[in-house]
Amino acid sequence: MLIHKEGRKAVLITAIVLILLNGSTTYFFPNNILDAFLLAASVIVFVLVLNFYKKPKRVYEGDLLGYVNAPTDGKVVVIEKVFEKDFFKEERIQISIFMSFFNAHSNWMPVTGKVIHCSHSKGNFYAAYLPKSSHENERSNIFIETPDGTRVLTRQIAGAVARRIVTYVKEGGSYHIGDPLGFIKLGSRMDIFLPLDSEILVQMGDEVRSNETLLARLPEKMEIENRSEEACL
């Protein structure tokens, strides 16, 4: 199992604390049933920490142009049409993925393309599964343009406990679908805003896996141009 670089220190500290705690209990209370319970609890805690900070080794073959990758492990909690007021200023399909403590919190590029805008917005720390967390919580905004000109917005959103969002991609940089995007510590979520004519490939409540689950197929460029021409008529 690969450990994400954001978690190496936390995993080491957890291991040291648990070893010292179990060693002290065994030394001061030898042959006590407390030893067995503490050891079992320590193993569970350590496994959860490892799972939280694991770095999934999943890589897409090829560019997969036109498809949208699940940018994180978690549960689909929102699939709906919304008015995105910050960047598109028009209706979009929003897909939101909630990460519990039991999910790996590595984040990945949802599409192949160029990051044309990247910014961090301060905000509140409501529970990440609440709808208002999408636009009221602290978040990072990553605006991406695919090679055919389709634009996709994805957000890393802090939750009630999370206090640190790390974003690796840079404005102006070009990235491949499934490249490392960042990391969010503790419970949180990611939102993806897609064109209305996107073909959604997941359903509410689905458990998705980053770099393995495809969320949607984007409309082809010809479809987008036809809609623009119709709007001008």
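**Entry 1: Tyr27 and the surface**

I looked up Tyr27 and found this residue in helix 1, which covers residues 8–28. The model I am reading is predicted.

I next traced an open sheet of eight strands, whose order is 9-5-6-7-11-3-2-13. The pairing in this sheet is antiparallel. Strand 9 (174–175) and strand 13 (207–208) are the edge strands, and each pairs on one side only. I noted that strands of a sheet pair through backbone hydrogen bonds. For strand 3 and strand 11, I recorded antiparallel pairing over seven bridges. Ile93 stands opposite Leu194 of strand 11.

**Entry 2: The cores**

I recalled that nonpolar side chains tend to be buried together in soluble globular proteins. How many residues has the largest nonpolar core? I recorded 27 residues, and those with the most contacts inside this core include Val68, Ile192 and Leu194. Among the elements that give two or more residues to this core are strand 3 (90–99), strand 7 (151–158) and strand 11 (188–194). Strand 3 gives the most, with four residues.

I then listed contacts of Ile192, leaving aside its neighbours within four places in sequence. Among them are Val68, Ile93, Ile95, Val152 and Leu215. A second, separate core has seven residues, including Leu50, Phe52, Tyr53 and Val166.

Notes: Residues are numbered from 1 along each chain as its sequence is written. This is a predicted model: local features need pLDDT of at least 70, side-chain atom pairs count only at pLDDT 80 or more; totals for chains, interfaces and linings use all residues. Side-chain values use heavy atoms; hydrogens and water are left out. A nonpolar core is a set of buried Ala, Val, Leu, Ile, Met, Phe, Trp, Tyr and Cys residues joined through side-chain atoms within 4.5 Å. Buried means under 20% relative accessible area, exposed over 50%, partly exposed in between (1.4 Å probe, protein chains only). Contact means heavy atoms within 4.5 Å. Two strands pair if DSSP finds at least two bridges between them.
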